[in-house]
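This report covers aromatic pairs and surface patches. Have the sequence and the 3D view at hand.

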Amino acid sequence: MKKQLEEIKNIQDFKIYLDYPRIPENQSGAGLFEQMRFNTCKNNPESLISWLKKENELYLIRVSKECVKHIKKPRYGIGGLPMICEDLRFVKGVNTGITKDGYPLISIEILMPGELSEQEEYSKSRISKDEVYKQMREENYGNRNYEDYNGSYAQDYAGFSDQQIDDIFDGDPDLYWNID
């Protein structure tokens with residue numbers, strides 16, 4: 001049974017998921033998966049990309065250079081036998097859609113432990129509405145202080161802060177009576 005993309009933890013299972021091409025029978029290594037070839041991304045030189053067209057779908061596979069080093073790092077198990085990298089994360093990217101030829105475009109990111117996907121990086125770098133409103137409140141009202149003009153009508157009854165009395169009434173709370 002084929003694993004779902006979220007369940008995959010290594011390149012071998014990823015190639016099974018994609019039904020990646022295998023080496024032909026008449027060549028050395030017949031039956032094994034072909035090696036994935038990556039090129040440097042023009043928009044992001046820290047990323048490598050690979051394209052794969054399967055039937056009616058086009059896959060864009062993105063991996064960071066750091067992740068490639070992580071995958072290629074030698075790992076050895078019991079008895080010194082080589083092991084495959086088993087701690088990867090595969091995420092369907094946000095760059096999905098339809099190509100100009102009408103093929104579905106599916107973007108997949110290969111991530112190492114702790115690495116954020118493009119969508120996660122974008123979400124993390126974006127300020128939420130609550131943070132924007134909080135920033136606006138702080139800019140407009142700052143840290144309100146009610147000590148300097150304590151006991152004045154403008155502060156105790158009208159609710160003006162020290163900063164507002166300084167700005168609006170030039171520091172004289174008695175000018176509150178001249179508002180109209």
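Buried means under 20% relative accessible area, exposed means over 50%, and partly exposed lies in between (1.4 Å probe, protein chains only). Phe-169 therefore counts as buried, at 5% relative accessibility.

This is a predicted model: local features need pLDDT of at least 70, side-chain atom pairs count only at pLDDT 80 or more, and totals for chains, interfaces and linings use all residues. Residues are numbered from 1 along each chain as its sequence is written, and side-chain values use heavy atoms, without hydrogens and water.

**Aromatic pairs.** Rings of Phe, Tyr and Trp (its six-membered ring) pair if their centres lie within 6.5 Å; planes under 30 degrees apart are stacked, over 60 edge-to-face, the rest tilted. The count comes to six aromatic pairs. Two of them involve Phe-169.

| Pair | Centre to centre | Angle between planes | Class |
|---|---|---|---|
| Phe-160 and Phe-169 | 5.4 Å | 90 degrees | edge-to-face |
| Phe-169 and Tyr-176 | 6.2 Å | 80 degrees | edge-to-face |

Phe-160 is buried, as is Phe-169. Ring pairs link Tyr-153, Tyr-157, Phe-160, Phe-169 and Tyr-176 into a cluster.

**Surface patches.** Nonpolar side chains (Val, Leu, Ile, Met, Phe, Trp, Tyr) are joined within 5 Å, like charges within 9 Å. Ile-127, Val-132, Tyr-133 and Met-136 make a nonpolar patch of about 360 Å². Tyr-133 is partly exposed, at 45% relative accessible area. A negative patch includes Asp-172 and Asp-174. Asp-172 is partly exposed, at 31% relative accessibility.

Conventions:
Patch = residues over 30% accessible without salt bridge, like charges linked within 9 Å, V, L, I, M, F, W, Y side chains within 5 Å. Areas by Shrake-Rupley, 256 points an atom, 1.4 Å probe, with all protein chains shown as cover. Salt bridge = Lys/Arg side-chain N within 4 Å of Asp/Glu carboxyl O. Lys, Arg positive; Asp, Glu negative; His and termini not counted. Charge placed at Lys NZ, Arg CZ, Asp CG, Glu CD.
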